[in-house]
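Visitor: Hi, I have a new structure open and would like a quick tour. Can we start with the charges on the surface?

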Amino acid sequence: MLSNAFIMKTKELTKQVRDKVVEKYEAGLGYKKISRALNISLSTIKSIIRKWKEYGTTANLPRGGRPPKLKSRTRRK
């Protein structure tokens, strides 16, 4: 059984880094070469390029999920 020490979430990559991935992909580099050059996992490279092909952008897209019950104004009080 895996302990929680091995299951870690990481921060999102900046838009500049994602743009650099797409730039290298358009220049003809493969996934593995991009992964090694930028020190980013292969699966992350694949997902960035897949999202770029599908949506035409490298910006963070809105995530799904339940809307908050309380409005921001109510939470501040």
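This is a predicted model: local features need pLDDT of at least 70, side-chain atom pairs count only at pLDDT 80 or more; totals for chains, interfaces and linings use all residues.

Visitor: Okay. Which residues gather in a patch of positive charge on the surface?

Guide: Lys32, Lys33, Arg36 and Lys46 do.

Visitor: Which helix gives the largest share of that positive patch?

Guide: Helix H2, residues 31–38. It supplies 3 residues of the patch.

Visitor: Where is Lys32 found?

Guide: Lys32 sits in helix H2.

Visitor: And is Lys32 buried or exposed?

Guide: Exposed. Its relative accessibility is 56%. The cut-off for exposed is over 50%, so Lys32 qualifies.

Visitor: Let's zoom out. How many helices and strands does the protein have?

Guide: There are 4 helices and 0 strands. Along the sequence, the pattern reads α-α-α-α.

Visitor: What percentage of the residues count as buried?

Guide: The protein has 77 residues, and 13% of them count as buried.

Visitor: New topic: rings. How many aromatic pairs does the structure hold?

Guide: It holds 2 aromatic pairs. One of them joins Tyr25 and Tyr31. Their centres are 6.0 Å apart, with 25° between the planes.

Visitor: How exposed are Tyr25 and Tyr31?

Guide: Tyr25 is partly exposed, at 25% relative accessibility. Tyr31 is partly exposed too, at 29%.

Visitor: What about Tyr25 and Trp52, how are their rings arranged?

Guide: Edge-to-face. The ring centres of Tyr25 and Trp52 are 6.2 Å apart, and the planes stand at 75°. The cut-off for edge-to-face is over 60 degrees, so 75° passes.

Visitor: Which residues do the ring pairs link into a cluster?

Guide: Tyr25, Tyr31 and Trp52.

Visitor: What does the pair of Glu12 and Arg63 tie together?

Guide: Glu12 lies in the segment before H1, while Arg63 lies in the loop between H3 and helix H4 (72–76). So the pair ties together parts that are 51 residues apart in sequence.

Visitor: Are Glu12 and Arg63 buried or exposed?

Guide: Glu12 is partly exposed, at 42% relative accessibility. Arg63 is exposed, at 66%.

Visitor: Which side chains meet in a salt bridge at 3.4 Å?

Guide: Lys15 and Asp19, again counted from N to O.

Visitor: How far apart are Lys15 and Asp19 in helix H1?

Guide: They are 4 residues apart, so about one helical turn separates them.

Visitor: Last one: how exposed are Lys15 and Asp19?

Guide: Lys15 is partly exposed, with a relative accessible area of 37%. Asp19 is partly exposed as well, at 32%.

Note on methods. Residues are numbered from 1 along each chain as its sequence is written. Side-chain values use heavy atoms; hydrogens and water are left out. Rings of Phe, Tyr and Trp (its six-membered ring) pair if their centres lie within 6.5 Å; planes under 30 degrees apart count as stacked, over 60 as edge-to-face and the rest as tilted. Buried means under 20% relative accessible area, exposed over 50%, partly exposed in between (1.4 Å probe, protein chains only). Patches are made of residues with over 30% relative accessible area and no salt bridge: like charges are joined within 9 Å, nonpolar side chains (Val, Leu, Ile, Met, Phe, Trp, Tyr) within 5 Å. Accessible areas come from the Shrake-Rupley method with a 1.4 Å probe; for residues, only the protein chains shown count as cover. A salt bridge is a side-chain nitrogen of Lys or Arg within 4 Å of a carboxyl oxygen of Asp or Glu. Lys and Arg count as positive and Asp and Glu as negative; His and the chain ends are not counted. The place of a charge is taken as NZ of Lys, CZ of Arg, CG of Asp or CD of Glu. Helices (H or I, at least four residues) and strands (E, at least two) are DSSP runs, numbered from the N terminus.
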